[in-house]
Amino acid sequence: MLEEKIQTQSLNSLILGFESSGKSTLFTKLAGRSIGNETNVKGSTIHNESTYFVNRNLIDTPGINNANSLIQTKLYEDIHSASTIILVVRGTHFAEELEKLFPYIEKATKMILLFVTFSDKMSPEGKSFAS
Ligand SMILES: Nc1nc2c(ncn2[C@@H]2O[C@H](COP(=O)(O)OP(=O)(O)OP(=O)(O)O)[C@@H](O)[C@H]2O)c(=O)[nH]1
Ligand SMILES: [Mg+2]
């Protein structure tokens, strides 16, 4: 039973980022199917959505904000039980979002993957800085 739980936990990949950073859009691209909540309305994802992706349970999460403490508490639990964190950071707000996300992951000994969204909206200076 415990072994089963550890195995399940170790196969979770959690998509994490601020509201409207493009998490659900990335989930849709990786999953190959839409969950229908990729909109420009902040907080459009209100609960976790999962799919099976490359031997893992890929989880789309509600965006980080400071308003809904229940969602935030659940996020901390999910971060704790995931083996991989997929960070989603807008290229247009790269340094600021990465800095604010850091406290969520600094104590996490996991694989971290970083996806930069909104690269189409980045300034040429920003793009050359990031590359
Ligand atoms: N221009 C541009 N728009 C994007 C990009 N990625 C996502 N979007 C748009 O940004 C909006 C928000 O995207 P979502 O994928 O819903 O963002 P989210 O992080 O899931 O948002 P919440 O669930 O509300 O936290 C949608 O209208 C997307 O079409 C991108 O790389 N470039
Ligand atoms: Mg979403």
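Start by selecting strand E4 (residues 84-90) and its neighbour E5: the two pair in the parallel sense over 7 bridges. Click on Thr84 and look across to E5, where Met111 stands opposite.

A word on what you have open. This is a predicted model, in which local features need pLDDT of at least 70 and side-chain atom pairs count only at pLDDT 80 or more, while totals for chains, interfaces and linings use all residues. Residues are numbered from 1 along each chain as its sequence is written, and chains are lettered from A and ligands numbered from 1 in the order in which they are written.

**The whole sheet**

Now show every strand. You get an open sheet of 5 strands in the order E2-E3-E1-E4-E5, with mixed pairing.

Next, pick E2 and E3, which run antiparallel and are joined by 5 bridges. Two pairs to click: Thr51 has Leu58 in E3 as its bridge partner, and Tyr52 stands opposite Asn57 in E3. The hairpin of these strands has 2 residues between them, and Val54 takes a positive phi near 45 degrees there.

Step over to E1 and E3, which run parallel with 4 bridges. Here Leu14 stands opposite Ile59 in E3.

**Helices on the sheet**

Select helix H3 (residues 69-81). It lies across E1, E3 and E4 and runs at about 140 degrees to E1. For that angle, axes are lines fitted to C-alpha atoms (for helices, over the stretch in contact), and angles run from 0 to 180 degrees between N-to-C directions. Contact between two residues means C-beta atoms, placed from the backbone, within 7 Å.

**The core**

Which residues have the most contacts inside the largest nonpolar core? Select Leu14, Ile15, Leu16, Ile85, Ile86, Leu87 and Val88, out of 13 residues in this core. Such a core is a set of buried Ala, Val, Leu, Ile, Met, Phe, Trp, Tyr and Cys residues joined through C-beta atoms within 7 Å. Buried means 20 or more other C-beta atoms within 10 Å of a residue's own (exposed is 12 or fewer, partly exposed in between), with C-beta atoms placed from the backbone. E4 gives the most to this core, with 5 residues.

Stay on Val88. Leaving aside neighbours within four places in sequence, Val88 is in contact with residues including Ile15, Leu26 and Phe115.

**Ligand 1**

Of the 21 residues around ligand 1, Gly22, Ser24, Thr25, Thr45 and Gly63 come nearest; a residue is near if its C-beta atom, placed from the backbone, lies within 6 Å. Helix H2 (residues 23-31) supplies the largest share of this shell, 3 residues. By class, the shell has 2 nonpolar, 13 polar and 6 charged residues. Nonpolar covers Ala, Val, Leu, Ile, Met, Phe, Trp, Tyr, Cys and Pro, charged covers Asp, Glu, Lys and Arg, and the others, Gly among them, count as polar.

Notes
Two strands pair if DSSP finds at least two bridges between them.
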